Amino acid sequence: MKKTIEVIKDIRTLCTHVFEGGHRCASPALQREAFCYYHHPYHKPIQNPTRRRSRRQPFALPLPSGQSDLQHAVYEVIRRLAANQISNRRAGIILTALDNIGRNSPQVTNPSPH
């Protein structure tokens, strides 16, 4: 009976990921987790190097000369963020810069609060 308990304990320490063919992953699971490093939901898969470069491609944002240009630039950043073409960090930096332009530029008129 002791051997049965040891076998069950060993099974619980294995990754619970099931491949398409129906067989289970035999890698050890992370401590207090159900999956191994490669199958854990928080693990980012290794990306194709070509795809990684495409995320870093520059894109042009015209210098906002009015409120509509500023809104268009913000929309463009949000669109690229949603399409996973730029990182959250880069989007945050750009949006902060656009916010500063909107607050400090006399060319961009902010609507007065009512």
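Predicted model: local features only at pLDDT ≥ 70, side-chain atom pairs only at ≥ 80, totals over all residues.
View 1. Read from the N terminus on, its elements follow the order α-α-α-α. Of the 114 residues in the chain, 18% are buried. The chain exposes about 9600 Å², and carbon and sulfur atoms supply 56% of that area. Among contacts between residues at least 6 apart in sequence, 34% join residues at least 24 apart.

**View 2. His40 and the residues it touches.** His40 sits in the loop that runs between helix H1 (2–12) and helix H2 (49–55). Leaving aside residues up to four places away in sequence, His40 touches Leu30, Glu33 and Phe35. The relative accessible area of His40 is 12%, so His40 counts as buried, the cut-off being under 20%.

**View 3. Arg32 in the loop between H1 and H2.** Arg32 belongs to the loop between H1 and H2. Its phi is near 55°, a positive value in a residue other than glycine. Arg32 has a relative accessible area of 80% and is therefore exposed, as the cut-off for this class is over 50%.

**View 4. Asn84 in the loop between H3 and H4.** The loop between helix H3 (67–82) and helix H4 (88–104) holds Asn84. Phi of Asn84 is near 60°, which is positive although the residue is not glycine. With a relative accessible area of 37%, Asn84 is partly exposed.

Key. Residues numbered from 1 in each chain as written. Heavy atoms only, no water. Helix = DSSP H or I, 4+ residues; strand = E, 2+ residues; numbered from the N terminus. Buried < 20%, exposed > 50% of the residue type's maximum accessible area, 1.4 Å probe, protein only. Contact = heavy atoms within 4.5 Å. Areas by Shrake-Rupley, 256 points an atom, 1.4 Å probe, with all protein chains shown as cover.
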